[in-house]
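Welcome! Take a moment to look over the sequence and the 3D view before reading on.

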Amino acid sequence: MARDAAAVAEAAGIFDALPGAARPFGGRTAELAALTVAAGRPSPGRGRLLVLAGRPGSGRTALAVQWARNVVAEYPDGLLYARLSAPDGTRVGAGRAARMLLDQLGERPGLALLPGAAEEDPACEALREALAARRALLLLDDVRDTGQVWPLLAEKTESLVLATTSGPLTGIDGIDPVILGGLEHRGAVELLSVLVGGTRISCDPVGAAELAEACANRPAALRLAAGWLRSEPRLPVTEAAVRLRQPVEQPRERSRTAAERPDTVPVVEGDPLRGAFEPAYRRLPAARARLLRLCTLAPGQQVDLRTASALVGCPAPEAGTHLAALAELELMEREPAAADGTERYRVPGRLYGRLVELRAEIDRPSELELARARLLERLVRLVDSARLLLDPAAGPNPDPLPGPLRLRSAAHAGQWLLGEREQLLAAVADAVGQGDLDGTAGRLVTALLRALPLTGEAAPADLHALHESVLKVARRQGAPRRAAAALLNLGDLQADADRWEQAAERYRRAVELFRGAGDEAGCARALESVGHCHRALGDPLRAADAYGRALALRQAVGDQVTEARLLVRLAEAHTALRRFEEALREYRSAAAVLRRIGDREGRQRVAALAGRLREHLGQEGFRPLSE
């Protein structure tokens, strides 16, 4: 049914960003009907919101995707998707989610959508405005709190927001969630029969019933048990049920540092997911088990053969084989393929806690750091390779990647950069947050800042996040010049978005850092930008002061080109203050500097500016004293 629903969307030309549907999907007839009824109720508050609540492993995402595709014809403006929690529990803010959804709508987040200190991220308002004129369905997966949802709800819209969550969403009136438990017993046995195949289930109905009961009829546990049975074709179903009911052996604890401890709540003892996971994991070859554990280090816990091979240090084809085998055992989830057809996978959030436990027990800290370093180095090389393909003038790639990893053309490079943008940004955030690989993380930031603009779709918010990472690393390393340069770039982004007060604050901090480092040229650059902000804010007096201080520094270092520009800026500020004598004097000084450096066109422009000022003064009946 899911495949037919997806075909309906494709045939109708409806945009579909939903993840792949569960194969097979069975049962849940009552829950699908309940969602349809709930969606038809009038919404008492802002926006149309439908909530599907269920424990991890209950199949809530699969059910939400199935229902959304069943009703796709009612939402011709698209099926949109955003995951609001990473498997490790990291919360995705409403602003970031809004940018992802705007991108899916084809509304490229522009300068006005930069994150700022405002009470609400402007991207949320932009999304609400975009949805007000559309009929789209938004699936917000794994929501943790109402603060992630409320800012995205548009008033007076035909669009619908479907949120999946593990608990109640308080703070929004009128929510009547659809509660998801285990499958009906018959449906659970049928799912096992389809997943295991052959006659093993039908020939042992008692064992099948016991196995389904041991899994609490929960889809995720049933799928793990089925994967385990497929890997052990001689294992009786009854025996599998007995093993699943046995208490799981507690792992031996050892002294661990805070960095080694799991950063999420471990799976609760007695949970059928834990019981179904353990036998499947224990049968894995050592190399495959290691890959599964190390995939928890990947940004967003999403991997493909390029990133997985870097994490474990093996050839890409071998990593691809391991990933496919893990997905066959239901230990990894298949994600939609990349634009170039590369298969992508994700560590299931329901297994993440136990895998982090195992990683801390088995893998040495030095091995984990080396795996993270290999991954970052691989991403740097991929981004640099993409940049060189997108910018032919940069020359050939002096360090090409191995064949299976290589980006083949400029089009391929652009697709890869845009398709992996979220993961690349997450890799930067993870590395900068941990702080132990600042050198490689800095190289990745630099590579992204050079490559993303070449795609023509570099979101200012992404550039803002990258420069913030540069600033954080520079402060940690005690590098004032680099921190000041990052502040300048952040100020420029804010100025381009007409956020002059925020820009001025960053420029002033840059002035202090450049001054402390004895960098007069950098200080002058930042002061000139402060002047631009005051001018835009309608304060020519403070603008003139900033331009004057920048001018003195430029004159001291003999930068005549910039000196002439600042003299013109200063003249314009004096004109705004009605200091006409001073303005004409600065124009004459600028013309003299341009004469010395032989800039004839510049002199003509300055002469024209001075001429217009004199003409204006003549119309007002004012005659400069100099004349």
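What follows is a short tour from the overall shape down to single residues.

## The whole protein

Keep in mind from the start that this is a predicted model. The protein counts 26 helices and 8 strands. Its C-alpha trace spans about 110 × 55 × 45 Å along the principal axes. Of the 627 residues in the protein, 51% are buried.

## The nonpolar cores

In soluble globular proteins, nonpolar side chains tend to be buried together. Here the largest nonpolar core has 136 residues. Those with the most contacts inside this core are Leu-211, Val-303, Leu-331, Met-332, Val-383 and Leu-444. Helix H15 (residues 365-390) gives the largest share of the core, with 9 residues.

Apart from its neighbours within four places in sequence, Leu-331 is in contact with Leu-224, Phe-277, Ala-280, Leu-284, Leu-292, Leu-326, Pro-348 and Leu-351. There is also a second, separate core of 30 residues, and Ala-82, Ala-98, Leu-101 and Leu-138 are among them.

Let us start with helix H2, which runs over residues 29-40 and has 12 residues. H2 reaches 17 Å from its first C-alpha to its last, close to the expected 16 Å. Which residues of H2 are buried? They are Glu-31, Leu-32, Leu-35, Ala-38 and Ala-39. These residues cover an arc of only 125° around the axis, so they sit on the same side of H2. The face turned away from that buried side carries the exposed residues Thr-29, Ala-30, Val-37 and Gly-40. As for what covers the buried residues of H2, the list includes strand E1 (49-54), helix H3 (60-70), strand E4 (160-165) and strand E5 (178-180).

After H17 comes Gly-435, which has a positive phi, near 75°.

## An enclosed space

How many cavities of 30 Å³ or more are there? The count comes to 4. The largest cavity has a volume of about 120 Å³. Its lining is made up of Pro-299, Gln-302, Val-303, Asp-304, Thr-307, Arg-344, Leu-379, Leu-382, Trp-416, Glu-420, Gln-423 and Leu-424. E6 gives the most, with 3 residues.

Some of these names have come up before. Val-303 lines the largest cavity and is one of the residues with the most contacts inside the largest core.

## Residues in the loops

| Residue | Loop between |
|---|---|
| Lys-156 | strand E3 (137-143) and E4 |
| Asn-217 | helix H7 (205-214) and helix H8 (219-231) |
| Glu-232 | H8 and helix H9 (237-245) |
| Glu-330 | helix H13 (316-328) and strand E7 (333-335) |

Most residues other than glycine have a negative phi. Lys-156 has a positive phi of about 50° although it is not a glycine. Glu-330, also not a glycine, has a positive phi of about 65°. Are these residues buried or exposed? Lys-156 is exposed, because its relative accessible area of 82% is over 50%. Glu-330 is buried, because its relative accessible area of 17% is under 20%.

Asn-217 counts as buried too, at 14% relative accessibility. Setting aside its neighbours within four places in sequence, Asn-217 is in contact with Gly-182, Leu-183, Glu-184, His-185, Ala-188, Ala-212 and Leu-222.

Glu-232 is buried, with a relative accessible area of 18%. Not counting residues up to four places away in sequence, Glu-232 touches Arg-200, Arg-243 and Arg-283.

Note on methods. Residues numbered from 1 in each chain as written. Predicted model: local features only at pLDDT ≥ 70, side-chain atom pairs only at ≥ 80, totals over all residues. Heavy atoms only, no water. Helix = DSSP H or I, 4+ residues; strand = E, 2+ residues; numbered from the N terminus. Expected span 1.5 Å × (residues − 1). Buried < 20%, exposed > 50% of the residue type's maximum accessible area, 1.4 Å probe, protein only. Arc of directions from axis to C-beta. Contact = heavy atoms within 4.5 Å. Core = buried A, V, L, I, M, F, W, Y, C linked by side-chain atoms within 4.5 Å. 1 Å grid on protein atoms, 1.4 Å probe; cavity = no way out; pocket = protein on both sides within 12 Å on 5 of 7 lines; lining within 4 Å. Points joined across faces, edges and corners; volume = space filled by probe spheres on them.
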